[in-house]
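Visitor: I am new to this structure and would like to learn how to read it. Could you take me through a few of its features, one at a time?

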Amino acid sequence: MWKGLLYFISFSFQHRKFYLAARGGMEFFKILASLSQIVLPGYIINELFGLRRAEYLFLFILLYTGCCFISGLAGSLLKCFAENEKEILRNEFECYIMENYMKCNFIRLENKEYQDLKQRAEQYIHGQWNQFGDVMEKFFSLSGNIITLAGVAYIIIIIDIKVLLLFILLIVVNIWVGSILKAKRMALISGFASVLRRRAYYEDVVKNPAYAKEIRLGWIAKWLLAKYNDYMQVFCKQTVPIYQYDFIQKSVTAVTGFAQQCIMYGYLVWKVIGGYVNVGQFAIYFNAANTFHVVINKLVDTVLELSKYTSLYKDFEKYIQFEPEIETGKEEIGEMPCEIEFRNVSFCYPGQHKYAIENVSVTIKKGEKISVVGENGAGKTTFIKLLIRLYDPTEGQILLDGIDIRKLDYNSYMKLFGVVFQDFKLFHISVRDNILLANKEKTDEKRLVEALRIMGLDCKITELPNGIETQVYKQFDKEGFEPSGGEGQKLALCRAYYKNSPFIILDEPTSALDIKAECEIYYNFQTLVQGKTALFISHRLASSRICDKVLVFQKGRLVEQGNHKELMEQGGLYKELFQMQAKYFEAVYPCGF
């Protein structure tokens, strides 16, 4: 528990010290108001029933009202500062977490256990009600309640220390029962991550415009709601024991509180009847007893709430301590990298026993145009992900100009590749920014215009309301550009072309294009990849005819390699696949490919 608190306090001290000061000030004025409301009314009553000195009455009333006024005003002002500072702190913390997430090993992002861990870590960060730093807020409340309780305990000691000891015994019973129930509660909560993540998924799908067509055309609205409700029902069923534990805990708290008040009030009445205390003192002790009961209940609840964060912090700590597992070396990359060699490369996904690719050896020479083909699940995508270091080989080496790529600077190596995956993503930003992305410092306007022309988008972009500055999609702009599947794919190709990297990788680069648009892309193929090493992953094997080399994968192995003519003459798997596809067309491509 304390380790988690220290983490938040340390982070706050490093980034927003004023938040700690403002939040601490809020608790100070709460304590001041609470203690003044216990003590000062007793002095006012004593003066009213005693000497009735006007100056003393005025002083006590002024102190009482002044403390309430100052505490309320200062507390409200500090709360405004604290909330603002906390929001800034939250933003900085979220940036830190998002940066860690984006640096995380890609293969870990695909792991279910990691996603569940992330869900539990977020429970620690935001608490039950999605409030950032809930654990630290509870810590401040705990600190304020402890100080208030210390002041109230001192007043009760003046009456009789045995009363305080009896109260402490009741508190121990309350905490002991509460800790047992909280432990059971947390054991249940820790299992919620998977259910909550699945429920959130269906909620996101229903609210995401990208799924709207499928939902309506597939008549799956009720099916999706049923799926959401299924997980909601599971979650609700899992929470029933939690509410039962809460009821038991609150019942125990109510019983101990009732016993405490009966003892205290009975004792005070006996003191007044016996003439041991006057009316003013009775008022002070009565207020102290009430405050003790309220504060101790808050204190117990806060301690038990904080204790539940102990197990969550372990998940949070584990989550933030994941170091990027992609090795990054320090060796420089030459200005004109020449060739990449896969040397006996094998890769097995974590938790799997079968290799996704096995013992692959191939050399990709500078300027070669290579087609990577094979049936689904043959290992094509894994081969590419290994090339661009989303994964590292389980066995073997990948060499760039004879140097193991793990010894090269990771960021510099990634800049070598312009990649368009089949599941490319466009952002809700302008057309220009979708193409440039992070390459905006020195915009090459000529290359930008050339990219749009080569991909056949120049006329379309000119017709848009704000031209190239038009927002892609309408989420933030009603005049936004809603690209078709083919137009979106062309924009992604523009992005790869503009990046001007020495290696270009295209995963099904024309899958969303019609025949005419596809032919236009291939007519401009030499311009698109001029002076670059290019790799295609495509099920349309006709594209292999314009490549220098074809790599044929089957069940994770590289079974054939050569150019189109050589592989057709060999009469192996490539020829079989090519002929199976070609028989459905009178000519493979009307444009001559």
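**Reading helices and cores**

Guide: In this predicted model, helix α2 passes helix α3 in a left-handed crossing.

Visitor: At roughly what angle do the axes of α2 and α3 cross?

Guide: The axes of α2, residues 17-49, and α3, residues 54-103, come within 8 Å and cross at roughly 165°. Angles over 145 degrees count as roughly antiparallel, and α2 and α3 are therefore roughly antiparallel to each other. By class, the contact of α2 with α3 has 26 nonpolar, five polar and five charged residues.

Visitor: How should I read a nonpolar core, and which residues have the most contacts inside the largest one?

Guide: The general idea is that in soluble globular proteins nonpolar side chains tend to be buried together. Here the largest nonpolar core has 59 residues, and those with the most contacts inside it are F93, Y124, I156, M264, F292 and F316. Among the elements that give two or more residues to this core are α2, α3 and α10, while the largest share, 17 residues, comes from α11.

Visitor: Which residues is F93 in contact with, leaving aside its neighbours within four places in sequence?

Guide: With those neighbours set aside, F93 is in contact with Y7, F8, F11, I125, F132 and F316. There is also a second, separate core of 35 residues, which includes I107, F342, A378 and I398.

How values were computed. Residues are numbered from 1 along each chain as its sequence is written. This is a predicted model: local features need pLDDT of at least 70, side-chain atom pairs count only at pLDDT 80 or more; totals for chains, interfaces and linings use all residues. Side-chain values use heavy atoms; hydrogens and water are left out. Axes are lines fitted to C-alpha atoms, for helices over the stretch in contact, and angles run from 0 to 180 degrees between N-to-C directions. Helices (H or I, at least four residues) and strands (E, at least two) are DSSP runs, numbered from the N terminus. Angles under 35 degrees count as roughly parallel, over 145 as roughly antiparallel, 65 to 115 as roughly perpendicular and the rest as oblique. A crossing is left-handed if the near helix is turned anticlockwise from the far one by less than a right angle, and right-handed if clockwise. Ala, Val, Leu, Ile, Met, Phe, Trp, Tyr, Cys and Pro count as nonpolar, Asp, Glu, Lys and Arg as charged, and the others, Gly among them, as polar. A nonpolar core is a set of buried Ala, Val, Leu, Ile, Met, Phe, Trp, Tyr and Cys residues joined through side-chain atoms within 4.5 Å. Buried means under 20% relative accessible area, exposed over 50%, partly exposed in between (1.4 Å probe, protein chains only). Contact means heavy atoms within 4.5 Å.
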